[in-house]
Amino acid sequence: MNRFFNEQGGSEVTVVQDVAERWIEAFNRRDLIVISSLYAPDAELYDSGMHRARRGHGEIESWFRLRFASMPDNVYAPEAYEVADPEHIRVTWNFYGRSPKLLRQSWLSRPFQVRGTSSFALRDGLIHKQHGLYEHLSVLRQIFPWLGWLPTPFLEAIYALYLLRHRQW
């Protein structure tokens, strides 16, 4: 197993944890070049808020370009790293930020936060698969508080329409 020593206290940190930490740092800095370089050429990126997985450097880079442009203040705050083996880790995090501008009006952007997990699978030191899980309807209810009065199936349909509107080919 590839390991290195963490400079703080000399504790061992696995390569898979290092990659996950670099991913979070790159995301929080909006560093498209660094975050893209962490993925294998045939990587898959998927989270519960996407209508489909993104595959390969081109689609993954396009996804992050859209995320960084539409929600520039959002950040991940990791809570825990669970290393399953030398190539698999699950990160529990809180995600804080603001919604995209509604009707291109920044005053309509709303704050939100959500707790979730990201599972990373590495191959040859690069992310081969990354799957995120969070309650995306919770985010919608924070952005649009009145949605809390609507039944969940209706909210899921609204979210599906949102994803169709923002899909990338």
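Predicted model: local features only at pLDDT ≥ 70, side-chain atom pairs only at ≥ 80, totals over all residues.
Strand 3 covers residues 39–47, and strand 8 covers residues 126–134. These two strands run parallel and are joined by 5 bridges. Within strand 8, Gly132 is the bridge partner of Asp47. Strand 3 also pairs with strand 4 (residues 54–55), here in the antiparallel sense, over 2 bridges. Arg55 in strand 4 is the bridge partner of Glu44. Strand 3 and strand 4 form a hairpin, with 6 residues between them. Strand 8 has a further link, to strand 7 (residues 111–123). Strand 7 and strand 8 run antiparallel, with 8 bridges joining them. In strand 8, Leu133 is the bridge partner of Thr117.

Aromatic rings were examined next. A pair of aromatic rings is described by the distance of the centres and the angle of the planes. The count comes to 16 aromatic pairs. In one of them, the rings of Tyr76 and Trp93 have centres 4.9 Å apart. Their planes stand at 85°, over the 60 degrees required, so the pair is edge-to-face. This pair links distant parts of the chain, with Tyr76 in strand 5 and Trp93 in strand 6, 17 residues apart. Tyr76 counts as buried because its relative accessibility is 9%, under the 20% cut-off. Trp93, at 3% relative accessibility, counts as buried too.

Tyr76 has another ring partner, Phe95. The centres of these two rings lie 4.5 Å apart and their planes meet at 50°, so the pair is tilted. Tyr76 lies in strand 5 and Phe95 in strand 6, so the pair ties together parts that are 19 residues apart in sequence. Both Tyr76 and Phe95 are buried.

Tyr76, Trp93 and Phe95 belong to one aromatic cluster. Other members include Trp23, Phe27, Tyr39, Phe64, Phe68, Phe112, Phe120 and Tyr134.

Note on methods. Residues numbered from 1 in each chain as written. Heavy atoms only, no water. Pairing = 2+ DSSP bridges. Helix = DSSP H or I, 4+ residues; strand = E, 2+ residues; numbered from the N terminus. Phe/Tyr/Trp six-rings, centres within 6.5 Å; stacked < 30°, edge-to-face > 60°. Buried < 20%, exposed > 50% of the residue type's maximum accessible area, 1.4 Å probe, protein only.
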